[in-house]
Amino acid sequence: MSPPRSSSQKYKTYRADFSQRLTHGDHKPSKAGAGTTGIGPDGVPRGQQLGKRRNRGFLTLFNKFVELLRGHRVALALAVLTLSISTLVDLIPPLVSKIAIDNVIDGTEFGDGFIGRIGSSLPWSGEPKKLLLFLFFAVVLINVGSILVRVWGRWQATRITHRVRVEMRRRVFNHAIRLPLHRVFSLKSGGASSIIREDAGGVGELVFSMMYNPAGAVIQLVGVLLILAMTEWRLLIGAVILLPVVFLTHRMWIGRIRPLWRDIRATRSHIDSRVTEAFGGVRVVRTFGRERTEGTNFATDTHFMTRQELLGWWWNRAIDIVWRMLIPVALAGVLCYAGARIIDDRAAVAAGTLLPHQALTVGDLFMFLWYLASLLQPLALLASSAAGLQTSLAGLDRVLDLMEEPLESPTTPGAVAVEPDTVNGRIEMAGVTFAYPKSVAPALEDISFTAEPGHVVALVGPSGAGKTTLCNLIARFYDPTTGTVSLDGKDLRGVRVDSYRALLAIVEQDIFLFDGTVADNISYGRRGATPDQIADAARLANAHEFIETLPRGYSTWIGERGVKLSGGQRQRLAIARALLAEPRILILDEATSNLDTESERLIQASLRNLMADRTSFVIAHRLSTIAHADQILVMDKGRIIERGRHEVLIERSGRYRQMVRVQTHPQELLDDPDEDDVADEEVAEAAQS
């Protein structure tokens with residue numbers, strides 16, 4: 001059966017899988033739509049897998065968030081304190097209104113109860129008009145003071161929110177950029193951007209949704225319950241009955257909302273990565289006429305995410321509907337109960353069986369309705385904020401998944417930093433075998449060789465032979481599965497990665513340049529480089545001449561990935577960047593592949609100067625560029641099958657000599673593949689010409 005292709009079909013499959021996951025308590029993203037929008041075999045959109053998923057409970061996430069607030073806890077405590085004061089002060093106006101209605105307007109005497117004692121202690125308690133005026137100014141001043149205190153506290157909480165957001169984005173970026181290369185490649189640039197922007201940024205919102213707003217709601221709830229307990233215990237019992245409703249709505253809905261929003265965030269990350277990929281490969285998209293296909297995929301993914309978001313909207317609204325129905329019903333119930341009590345108490349007072357100050361009054365009714373609304377408001381806020389909280393918690397959950405992934409080549413305890421001035425540059429591999437994560441077959445097997453300081457080691461062989469993988473281990477992008485890679489006799493695992501990388505420069509076949517000026521890109525590997533140093537490096541790389549012809553010279557903006565330059569120009573800028581870095585160890589991966597013959601001749605001497613006194617590893621398919629190498633390693637299927645200098649390997653009837661013949665006498669091999677009558681000296685001369 002073919003996988004669903006439309007967003008509606010994919011959504012139906014998703015709903016079925018999502019319901020099944022909830023039934024079995026599995027909160028991993030769904031496999032719905034696999035094969036239509038890049039959903040991987042584990043059910044996660046390709047490029048968004050974040051390692052092993054962890055089912056974290058609320059308390060676990062809460063504790064993790066509190067840890068993230070280190071450095072902001074005092075400020076947040078002050079913000080919550082001001083909120084508490086403001087919330088408690090806001091509970092005073094209902095008491096004032098009850099006194100104004102009953103004891104001032106109606107003229108009822110103050111009783112012996114809680115409110116009566118407060119009222120009798122007020123100034124001008126025996127003069128109604130003056131007391132009314134005093135109550136008016138008291139309410140105004142109380143409200144103004146409450147607003148000022150609340151605004152100050154909310155400003156502090158807002159500042160903390162933005163600071164936490166910035167801090168989390170910084171931490172996630174710093175962690176993500178240090179992940180192993182295979183994880184970075186699987187994330188894709190758009191997916192990584194989505195996690196940093198959406199998920200890490202949303203963590204800051206937890207300051208309000210998990211700390212500030214719930215604290216205010218709880219304080220208001222407790223305050224109202226205490227006042228009701230001191231004024232009318234029957235209403236207190238009715239209010240307490242409402243509390244389980246909050247728990248029930250949480251159990252019925254919140255358990256569904258967070259997994260859903262986690263799925264939505266995964267879908268959004270997948271869409272971002274697809275968009276980034278489509279625009280990054282726009283030349284390929286247009287070459288094969290796939291604009292409409294990419295547009296259709298984007299629309300399908302977006303429609304599917306919209307359906308997910310609408311489902312989440314309905315579940316959130318269900319909670320709101322429950323509370324919007326509950327509040328007026330509760331208010332109507334209090335109105336009926338208290339109204340009936342007022343009628344009965346008035347009759348009892350008229351009959352002389354009840355003292356006037358003991359009767360339930362209109363002021364009591366007004367106060368009870370106000371407090372009941374104040375009670376239901378924090379309950380509704382707790383329920384609704386808990387629903388909205390799940391969105392931010394889903395983001396925190398994804399961020400924690402990423403942050404708990406191990407970094408590339410972690411620094412071992414006791415690792416030391418190396419200084420360029422003290423490094424000789426002797427690289428040795430001893431019994432190295434390496435397999436990529438989740439790969440069965442090793443990419444390298446039993447590799448052993450030594451690169452002496454200042455020597456040039458050339459790596460040749462067919463595509464997939466393991467040449468780039470070997471250089472990745474030298475650059476310590478990966479650590480070997482078995483065996484050791486050492487620098488001057490010291491295992492690289494015992495060397496701090498950052499200090500070791502400071503010794504390296506890499507020029508690859510697929511050149512990456514940043515969206516900046518020419519000077520910015522050349523000086524990327526050397527902070528504080530002067531304009532003269534930048535120009536000197538460009539001259540050595542044969543780039544100065546074409547740079548001078550650009551509209552603004554070294555200040556010319558070259559666009560993302562250097563799109564405004566030709567392939568050869570980009571490659572020469574990369575060589576200039578490596579030259580300026582003054583590395584001790586140099587890796588050249590087909591560094592001259594995109595240069596025309598004339599430009600290549602011009603920079604070969606510069607490359608020799610660059611490689612002088614530096615340990616250099618050169619990957620080359622054009623064998624004429626590595627005839628001068630001190631050691632040539634011929635690789636095939638992850639093994640070294642031949643090694644030696646060019647002259648030595650040419651004398652043998654081995655793989656290297658055959659490769660040279662393919663490049664220097666291709667027609668002879670086509671005419672007679674078995675013929676081997678080309679003189680050794682002729683092959684050697686042709687290879688070095």
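Analyst: Happy to! This is a predicted model, where local features need pLDDT of at least 70, side-chain atom pairs count only at pLDDT 80 or more, and totals for chains, interfaces and linings use all residues. Residues are numbered from 1 along each chain as its sequence is written, and side-chain values use heavy atoms, with hydrogens and water left out.

User: What makes residues 631-636 strand E9, and why is E9 called mostly covered?

Analyst: A strand is a DSSP run of E with at least two residues, numbered from the N terminus; E9 spans residues 631-636. Buried means under 20% relative accessible area, exposed over 50%, and partly exposed in between (1.4 Å probe, protein chains only). In E9, 6 of 6 residues are buried, so the strand counts as mostly covered.

User: Which residues of E9 lie on each side?

Analyst: Gln-631, Leu-633 and Met-635 are on one side, with Ile-632, Val-634 and Asp-636 on the other, and all are buried. In a regular strand, side chains alternate between the two faces of the sheet.

User: How do you know that E9 pairs with E3 and E10?

Analyst: Two strands pair if DSSP finds at least two bridges between them. E3 (residues 456-460) and E9 share 4 bridges in the parallel sense, so they qualify; Val-460 stands opposite Val-634. E9 and E10 (residues 639-644) have 5 bridges in the antiparallel sense, so they qualify too. There, Asp-636 stands opposite Arg-639.
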